[in-house]
Amino acid sequence: MPIFEYRCAACDEEFEYLVLKSSAAPVCPTCGSVRVEKLMSIPTVSSDQTRGRAKRDIRARNRALRKDHAHEEVKRIETHAKDHED
Ligand SMILES: [Zn+2]
């Protein structure tokens, strides 16, 4: 859900406003003015950070998986080699 940050032109109050299709225009919670300007969108920034973090998590998990997989592979090869020792 898009939450936007606004600044009131009348009193300089900055506030966050959840914008829905059915929402009325944002109104300053401090002075009630509708003369507000939209600032940078917060969720875009935070979701970029979340995406970055998620990517790092996935990379870390992939590394861990690869390590596990490599370990499994070594065990399998060792087992396989043992099978052929006799
Ligand atoms: Zn205001």
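Asp12 takes a positive phi near 70° in the hairpin of strand 1 and strand 2. This hairpin has 5 residues between the strands. The model is a predicted one, and the angle is computed from it.

Strand 1 covers residues 3-8, and strand 2 covers residues 14-18. They pair in the antiparallel sense, over 5 bridges. Ile3 of the chain stands opposite Leu18 in strand 2.

Strand 2 has two faces. Phe15 and Tyr17 make up the covered face. Glu14, Glu16 and Leu18 lie on the uncovered one. In a regular strand, side chains alternate between the two faces of the sheet.

Now the whole chain. There are 3 strands and 1 helix. Along the sequence their order reads β-β-β-α. The chain has 86 residues, and buried residues make up 13% of them.

The helix is helix 1, residues 42-83. Arg66 lies in this helix. How exposed is Arg66, in relative accessible area? The value is 55%. Arg66 counts as exposed because its 55% is over the cut-off of 50%.

Arg53, Lys55, Arg56, Arg59 and Arg63 gather with Arg66 in a patch of positive charge. The patch consists of Arg and Lys residues, which count as positive.

Key
Residues numbered from 1 in each chain as written. Predicted model: local features only at pLDDT ≥ 70, side-chain atom pairs only at ≥ 80, totals over all residues. Heavy atoms only, no water. Patch = residues over 30% accessible without salt bridge, like charges linked within 9 Å, V, L, I, M, F, W, Y side chains within 5 Å. Areas by Shrake-Rupley, 256 points an atom, 1.4 Å probe, with all protein chains shown as cover. Salt bridge = Lys/Arg side-chain N within 4 Å of Asp/Glu carboxyl O. Charge placed at Lys NZ, Arg CZ, Asp CG, Glu CD. Helix = DSSP H or I, 4+ residues; strand = E, 2+ residues; numbered from the N terminus. Buried < 20%, exposed > 50% of the residue type's maximum accessible area, 1.4 Å probe, protein only. Pairing = 2+ DSSP bridges.
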